[in-house]
Amino acid sequence: MASAVKKYEYLHIVSHFVVALKKMRSFLLLSAAFTSAFASASTVPQDMQDAGCTWDVSKIVCPENADLRGADLRGADLSGAVLKDANLLDADLRDAVLKDADLEEADLDEADLSGADLEGAILSGADLSGADLRGADLSGADLSGVRLLDADFTGADLWDIHIQWDELETKVP
């Protein structure tokens, strides 16, 4: 009888051990999935790293006057990025996500922003001369004081943009 009790205790301990291993495996799989998702969300594109941009908790932050001329940022998630006074002359931002990004006074001259999501972005004082904004979503964006000479807004969503026409007229030659 004593050996039957010991066998039962042994099987009971083993079953608890197996359950604990299964829980640990599930935890490790979830942990790996979370780490992978977080790592991809917090990746700073190489062109931006080269300009001194870093990841700061939940967004990319670049130093003022960051030099991103000709940068390839196609499809990049730059939601909430701080790009004040950044030089994005001739940058490729096709299909990039720039929701709520701060592009105040940025130079986006000749930049390709076709299909980009700029919803709620701050573009006040930015230079968008010659920029391609075809099919871009600019809904709710702040475009006060921007320079728009030869910018192409064909098919762009301009719903609820903030713009001061009197300032615009003085900036466009």
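The structure is a predicted model, in which local features need pLDDT of at least 70, side-chain atom pairs count only at pLDDT 80 or more, and totals for chains, interfaces and linings use all residues. Residues are numbered from 1 along each chain as its sequence is written, and side-chain values use heavy atoms, with hydrogens and water left out.

Confidence comes first. The protein chain has a mean pLDDT (the predictor's confidence in each residue, from 0 to 100) of 84, and 72% of its residues reach 70 or more. Helices (DSSP runs of H or I, at least four residues) and strands (runs of E, at least two) are numbered from the N terminus. Among these, β2 scores highest at a mean of 93, while α3 is lowest at 55.

Next comes D102, which sits in the loop between β2 (59-61) and α3 (165-171). D102 counts as buried (under 20% relative accessible area, with a 1.4 Å probe and protein chains only) because its relative accessibility is 13%. A polar atom of the D102 side chain lies 3.1 Å from the backbone nitrogen of E104. Beyond neighbours within four places in sequence, D102 is in contact with A81, V82, L83, K84 and I122.

A106 is also found in the loop between β2 and α3. With 1% relative accessibility, A106 counts as buried. Leaving out residues up to four places away in sequence, A106 touches L83, D85, A86, A126 and D127. L128 is 22 residues from A106 in sequence, with 8.6 Å between their C-alpha atoms.

Methods. Buried means under 20% relative accessible area, exposed over 50%, partly exposed in between (1.4 Å probe, protein chains only). A polar contact is a pair of N or O atoms within 3.5 Å; within protein, one must be able to donate a hydrogen and the other to accept it, and residues adjacent in sequence count only if both atoms are side-chain atoms. Contact means heavy atoms within 4.5 Å.
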